[in-house]
Amino acid sequence: MPVRVYAEAMTAADVYVALALLLLALVMWFARRVVVFVLRLLPAVGAVAGTWGAFEVYRAGEQMGWDSPGSAGILVVWVALAIAVASGIVGSITVALQIRRLMTRGPARSAASLSLRNRVAVAVAIVCVVGGLSQAYRYYRGHQPSHDGAVQLMEFARDGTALYSLDRTGVLKKWYAERALEAESWLLPEQGSASALVVSDDGRFAASLAGDRLSVWRLPAARAAERLMVLNGALAAVVLDGGRFASLARSELSVRAWEDPGQALVSVSLPAAALTAAAYGEHDVVVGFADSTLAFYVPAAADLTRREVSLPGPLRAVPRAIRSDREGRFLAVSDGGTAVAELDLQVGRQESLSLLSPLGAFAISAQSRLLLAELVAVRTYDLAGGGSEPLFNHGGAIGALAASPGADTVAIADRQNIWLRNDSRHYAAPEVRLAGAVQVARLAADVLPGDSSARP
């Protein structure tokens, strides 16, 4: 699924900016005389500003000795000096031509001719000013961070069309994964330290795990999130089909409906103390236990059936976190530290991966690649053929990682920013940064002077 940038849906800030630019264009048109007067002064302003700027830039170059060892700073000085000199020269020539035109009497122009000339000049000025401001706003809009806080959790919808991200301020965002656009956002109170996030197939509900409290939320469009209930003593949650999800407690696995999560539809007692649960394949659930064993369950309509799956020997890592591919062939088990076990259930093989630092996040891509986030870098490991190579490193701490189940699309959270890549195998692959939608308060804080407190 390639990431394509479409025309974004307009926010309130976009509407205000569009109206302001339209109003500016109307004011300039109806104040044509003032605009014409300003246009006649522009060459003089350019001559003075260019000359003064050239002098200041020249002084800066002198202080640097016209050299900046180890950096490209002197190139910036030379470019700025060239622009300032060109502005001064062009402005001075234009002023000289204006003076000559005033001193030289030529044939008088008709009032209609002068009026047409002024209208054309004003129209060109409006296009330049409004177009320039519009492009400046588009640049500003495209460089907004994905989140205001560091992203800590991400989850793709099971059909791969949407990406959900939760930051440390409790803000949950929905992104159109294919178009790389922000769709909606909600505030989940007290979820800044959540350790797990799942979202229903229809996007109307979510569950977040903070400590041992599993909060179930309703996510209405264009309204605040509504907490439906809290399940205490929870360890994990797994999205199921049919409007259901599975909740894991230390000794019990339950299936619940998103619409009514308070009543378990079916439950099963577990044979040992559980640590975590995850989706296995497309429909099943795998549970990891403290005795380093796994159990697989099929959530049917009226019961939870234990499924026998042959494992290639004892697990070489305590299953505190589990990931599976969509076909159910590969499993990756992490102890939350530096031990990771990779299992190929088709050929009966298990390998241990030793990490130099504790694993921050991991996922299995649609191309059967195990993605490992270690501090500031992401490494990709070929589950079928073996071997690993670097995948991503922008220098920031990796906060979260997610792989789309439907295509080779990977989402990587680098502090406040989220990057989408359509290749989980190669380091030199195209990537798109998700730019957050501009809010009115943010725009006012960044544009209006002395209003920094308005930033949310």
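**Exercise 1. Determine whether S404 is buried or exposed, and locate its polar contact.**

Solution. S404 counts as buried because its relative accessibility is 1%, where buried means under 20% relative accessible area, exposed over 50% and partly exposed in between (1.4 Å probe, protein chains only). The model is predicted: local features need pLDDT of at least 70, side-chain atom pairs count only at pLDDT 80 or more, and totals for chains, interfaces and linings use all residues. Residues are numbered from 1 along each chain as its sequence is written, and side-chain values use heavy atoms, with hydrogens and water left out.

Finally, the S404 side chain reaches the backbone nitrogen of G406 at 3.3 Å.

**Exercise 2. Characterise the aromatic pair of F205 and W258.**

Solution. Rings of Phe, Tyr and Trp (its six-membered ring) pair if their centres lie within 6.5 Å; planes under 30 degrees apart are stacked, over 60 edge-to-face, the rest tilted. The count by this rule is 6 aromatic pairs. F205 and W258 are stacked, at 6.1 Å centre to centre with 15 degrees between the planes. F205 lies in strand β6 (residues 205-210) and W258 in the loop between β11 (252-257) and β12 (264-269), so the pair ties together parts 53 residues apart in sequence. Both F205 and W258 are buried.

How values were computed:
A polar contact is a pair of N or O atoms within 3.5 Å; within protein, one must be able to donate a hydrogen and the other to accept it, and residues adjacent in sequence count only if both atoms are side-chain atoms. Helices (H or I, at least four residues) and strands (E, at least two) are DSSP runs, numbered from the N terminus.
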